[in-house]
Amino acid sequence: MTVKSNLEIILKEIESYNPTLIAVTKYYGCDKMIEAYDAGIRNFAESRALEALEKINKIDDTMRSQSVYHFIGHLQTNKVKHVVGNFEYIHSIDSLKLAKCVDDEAFRLGIKQKILIQVNNADESQKFGIAKLQLENLIEEVSKMKSLDLVGLMNIAPLTDDYKELQRLFLEMRKLTDFYHLKELSMGMSHDYKIALECGATMIRLGRILFN
């Protein structure tokens with residue numbers, strides 16, 4: 001199967017939902033990025049800042065300028081300078097300290113950085129993301145920052161086949177997004193994107209199902 005043939009199948013499945021389909025290329029090289037671009041994909045996600053920039057700098061100017069880049073991995077404060085301005089969206093803001101650091105760098109560059117707050121609503125100790133009870137305070141603080149544009153929320157659901165549990169978690173994220181009047185909801189990966197779409201995802205992040 002090629003990226004193009006995989007994409008054709010996926011697009012038929014998601015057509016009625018019309019989400020932003022983001023190709024997660026963190027485990028794939030520039031050749032796969034180019035193949036995805038040639039198939040029509042324009043949104044790409046990476047989770048390691050320096051490796052991502054190396055790939056982005058290798059592709060040609062046309063592809064680079066016509067693509068939208070999303071940073072979806074855990075962002076360390078010492079890597080913020082590599083991400084702000086190079087990625088249109090940062091999906092993984094999960095603390096006030098990180099938000100302030102991103103705001104400072106965006107201000108220095110004279111730009112408005114689009115961000116999503118990552119919520120760990122499954123309370124998984126091994127995953128990053130802010131706890132639900134801390135979300136309101138972080139949103140309040142972020143709203144005061146001049147160089148951040150909070151566009152939505154993101155979550156990474158547990159790797160499980162339990163439909164009811166995934167549905168519960170995704171619907172909770174939808175309610176939080178609506179409650180705070182945010183536009184984007186980034187959730188759903190290769191194993192659970194269909195459930196995420198049923199529950200109101202506006203952005204889905206697909207890797208394996210596109211590239212393998």
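1. Contact here means heavy atoms within 4.5 Å. Setting aside neighbours within four places in sequence, leucine 210 is in contact with Thr2, Val3, Asn6, Leu7, Ile10, Leu21, Ala23 and Ile41. The C-alpha atoms of leucine 210 and methionine 1 lie 9.2 Å apart, although 209 residues separate the two in sequence.

2. The model is predicted: local features need pLDDT of at least 70 and side-chain atom pairs pLDDT 80 or more, while totals for chains, interfaces and linings use all residues. Residues are numbered from 1 along each chain as its sequence is written, and side-chain values use heavy atoms, without hydrogens and water.

3. Leucine 210 belongs to helix α10 (residues 208-211); helices (H or I, at least four residues) and strands (E, at least two) are DSSP runs, numbered from the N terminus. Leucine 210 is buried, at 0% relative accessibility. Buried means under 20% relative accessible area, exposed over 50%, partly exposed in between (1.4 Å probe, protein chains only).

4. Serine 186 lies in strand β7 (residues 184-186) and is buried, with a relative accessible area of 0%. Beyond four places in sequence, serine 186 is in contact with residues including Leu116, Leu153 and Met203.

5. The charged end of arginine 42 sits over the ring of tyrosine 37, 3.7 Å from the ring centre. The criterion is NZ of Lys or CZ of Arg within 6 Å of the ring centre and within 35 degrees of the ring normal.

6. Phenylalanine 179 is exposed, with a relative accessible area of 58%. Both tyrosine 28 and phenylalanine 211, by contrast, are buried.
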